[in-house]
Amino acid sequence: QVQLVESGGGLVQSGGSLRLSCAASGITSTFYALGWYRQAPGKQRELVMTTTAGNEINVADFVQGRFSVSRDDYKSEVYLQMNSLQPEDTALYFCYARQIRFGTREYWGRGTQVTVSS
């Protein structure tokens, strides 16, 4: 059974930082692009950043160098370091896995809430 479990969300003041973690189980992580999406209230889910085992990174325009994504394939984990957080970054952040080798499956975590106060 595949599971993606996020942690690290919380409440932070504007300009602060948070580091999100996602532990994946039930997959061979090197076969997957791993990363993060987010969904704010009343808005569609949108890409934040994803990365492959070959370090190919896909990043949304709004990141503007404030966030970085990394992964540890020995632990099957992916991380999102978020700096210079702004109130508009408030959202539910979802861990995401998309198979890029030997298949096309996708998986989602349940999300971790990030709230940025002004």
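Which ring does the charged end of R38 sit over? The ring of F62, 3.7 Å from its centre. Keep in mind that this is a predicted model.

There is another case of this kind. The charged end of R19 sits over the ring of Y79. Here the distance to the ring centre is 4.2 Å.

Now, ring against ring. Searching the whole structure gives six aromatic pairs. I'll take two of them.

Start with F31 and F102. Their ring centres are 5.0 Å apart, and the planes meet at 65°. Edge-to-face counts as over 60 degrees, so this pair is edge-to-face. Where do F31 and F102 lie? Both are in loops. F31 is in the one between β3 (18-25) and β4 (32-39). F102 is in the one between β9 (91-99) and β10 (106-108). The pair therefore ties together parts 71 residues apart in sequence. On accessibility, F31 is partly exposed, at 24% relative accessible area. F102 is exposed, at 65%.

Next, Y37 and Y96. The centres of these rings are 4.9 Å apart, with the planes at 65°, so this one is edge-to-face too. Y37 belongs to strand β4 and Y96 to strand β9. That means the contact ties together parts 59 residues apart in sequence. Buried or exposed, these two tyrosines, Y37 and Y96? Both are buried.

Together with F94 and W108, they form one aromatic cluster.

So, to recap: a loop-to-loop pair, F31 with F102, and a strand-to-strand pair, Y37 with Y96. Then there are two arginines over rings, R19 over Y79 and R38 over F62.

Methods:
Residues are numbered from 1 along each chain as its sequence is written. This is a predicted model: local features need pLDDT of at least 70, side-chain atom pairs count only at pLDDT 80 or more; totals for chains, interfaces and linings use all residues. Side-chain values use heavy atoms; hydrogens and water are left out. Rings of Phe, Tyr and Trp (its six-membered ring) pair if their centres lie within 6.5 Å; planes under 30 degrees apart count as stacked, over 60 as edge-to-face and the rest as tilted. Helices (H or I, at least four residues) and strands (E, at least two) are DSSP runs, numbered from the N terminus. Buried means under 20% relative accessible area, exposed over 50%, partly exposed in between (1.4 Å probe, protein chains only). A charge sits over a ring if NZ of Lys or CZ of Arg is within 6 Å of the ring centre and within 35 degrees of the ring normal.
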